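Dear colleague,

Please find below the structure that I am handing over to you. My findings follow directly after it.

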Amino acid sequence: MYHFDWSVFWQYIWPPTAFQDPLIRNGLIVTVVVSVIAQALGVVLGLFAALGKMSKLAPLRWLAEVYIWYFRGTPLIVQMSLLFFGFGVTHIYDFPDLIVGAITITGAIQAGTLALGINEGAYMAEIVRAGIESIDPGQMEAAKSLGMTYGLAMQRIVLPQAAKVIIPPLGNEFNNMMKTTSLMVVISAGELFFGFEQVNARIFKPFELFIAASLYYLVLTTIWSFIQARIESGLGERKGLERGPSMMERLFSGSTGKGAR
Amino acid sequence: MATPKTKLKDSNIIVKAEKVNKYFGSLHVLKNIDLEVRKNEVVVIIGPSGSGKSTFLRCINHLEKINSGHIYVNGHMIGYHDRNGRLAEDSERNIARQRAEIGMVFQRFNLFPHLTAIENIIEAPTRVRKIPEEQARADGERLLARVGLVDKRDQYPNQLSGGQQQRVAIARALAMKPNLMLFDEPTSALDPEMIGEVLDVMKELAHEMTMIVVSHEMGFARAAANRIVFVDEGQIIEQAPPDEFFAKPRSDRTRLFLSQILH
């Protein structure tokens with residue numbers, strides 16, 4: 001029978017001891033920071049792709065369509081490998097390490113963040129588009145009748161209303177994003193899962209270590225779902241929106257989670 | 001064929017439509033519409049639903065494109081300009097500039113639900129006309145007072161009744177100081193008890209503004225209009241001052257329509 005090594009398990013789930021290992025401490029920081037940056041990049045790209053897809057200009061529409069088609073139609077892990085290894089070996093871009101003060105941002109982290117963000121943009125595009133299309137066309141007409149251009153009307157009238165529709169699925173996307181960063185392990189970017197993998201390579205305790213790893217992700221996504229609930233109820237109160245699902249429904253509904261892309 | 005001019009000289013003509021045709025697919029919704037509206041005139045367009053009257057109104061500020069003909073507003077052709085002797089669609093910015101001079105009130109109000117009453121009103125003056133917010137607010141409050149809603153300044157549209165929302169929408173359009181107001185069935189979405197308060201505001205306005213109103217409110221038409229235009233199946237059937245129009249309509253279709261709505 002397998003002997004469960006409790007001392008390794010506790011050492012790696014208890015933050016003060018786990019964080020003595022820089023692989024875990026830095027890995028956690030990288031996971032959180034990369035998630036935020038990649039999600040932000042995804043929102044920006046998604047907004048442009050959505051506007052492109054709805055554009056009157058055919059080339060913009062095609063560009064947006066191809067972007068969405070490719071990045072939703074191929075696995076993220078392939079996109080990430082292509083970007084990091086493929087671009088590296090052809091010297092299209094070598095992803096040199098970036099040194100900012102005392103911190104070194106490795107090329108792998110840059111490539112991973114970029115791949116996650118660009119991939120996310122393709123998914124956000126559909127979310128943003130659905131949000132914009134949920135707004136009564138009369139809003140755009142009213143804005144135009146007041147002398148506003150399309151851009152100004154979008155920015156001031158349509159997008160602020162669409163944001164209320166976009167924010168709940170955006171929160172779910174971010175939840176997925178934190179888990180999906182683990183795919184960066186294929187390019188050896190030093191995020192949380194990579195950290196646990198490295199520790200496992202050293203001491204070979206995959207059962208204990210990967211349970212510990214899963215608990216770290218669970219804590220991250222759970223904290224996020226509380227923040228998300230707070231944000232959404234704030235939105236609802238201010239703008240007369242319907243209340244979202246309760247905390248308990250959110251944690252145990254099991255309806256989200258697209259898994260690896 | 002000579003190119004049509006893109007400017008009009010007579011500054012007393014606020015709207016001039018010439019042979020305007022409009023299709024939705026194969027449906028011919030506006031057929032050779034000719035109409036002239038002079039400064040300070042109040043024109044009420046009536047007609048059965050689906051007759052094209054709302055579509056025509058929406059063509060006047062280029063919310064709908066026309067397929068042929070020309071519409072001049074405030075002396076300039078709307079939506080198009082002359083490019084080396086041919087008509088080209090205007091840039092978005094130019095269209096927006098022209099629309100800023102044309103107020104429009106919609107059947108469904110179309111207030112911005114994420115903004116309060118006063119914010120709805122000052123949005124375009126501050127963002128389009130770049131009027132300082134303080135001044136826009138002062139002007140906006142005067143307009144709210146004029147439509148009798150100064151105490152609702154900080155309410156969101158969903159906290160207002162339909163009649164109140166439509167009055168805010170009128171104030172919002174007036175805030176741009178337009179020299180033409182278009183009303184697209186402004187009371188059709190209202191509960192009966194709220195129609196009066198909106199019509200009262202419109203009657204007040206009718207003393208001092210050029211207005212084109214698409215409406216089924218015959219009482220308003222009688223009281224405020226200088227001219228009634230009857231539209232059926234995309235054509236202007238007849239137009240006359242209200243007294244004449246209601247007393248002795250010339251066409252059978254007008255008589256039939258009036259008998260149906262006036263019972």
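This is a predicted model: local features need pLDDT of at least 70, side-chain atom pairs count only at pLDDT 80 or more; totals for chains, interfaces and linings use all residues.

Residues are numbered from 1 along each chain as its sequence is written, chains are lettered from A and ligands numbered from 1, in the order in which they are written.

For the complex, the predictor gives an ipTM of 0.93 and a pTM of 0.87.

Helices (H or I, at least four residues) and strands (E, at least two) are DSSP runs, numbered from the N terminus; two strands pair if DSSP finds at least two bridges between them. In chain B, strand β1 (residues 13-24) runs antiparallel to strand β4 (residues 68-73), joined by 5 bridges. One of the partners in β4(B) is B:His70, which bridges to B:Glu18.

β4(B) is also joined by 2 bridges to the antiparallel strand β5 (residues 76-77) of chain B, where B:His76 is the bridge partner of B:Val73. These two strands, β4(B) and β5(B), form a hairpin with 2 residues between them, and B:Asn74 in the turn has a positive phi of about 50°.

The contact (C-beta atoms, placed from the backbone, within 7 Å) takes 18 residues from chain A and 21 residues from chain B. On the side of chain A that touches chain B, α7 (137-145) and α8 (150-180) each supply at least two residues.

Yours sincerely

Key:
Two residues are in contact if their C-beta atoms, placed from the backbone, lie within 7 Å.
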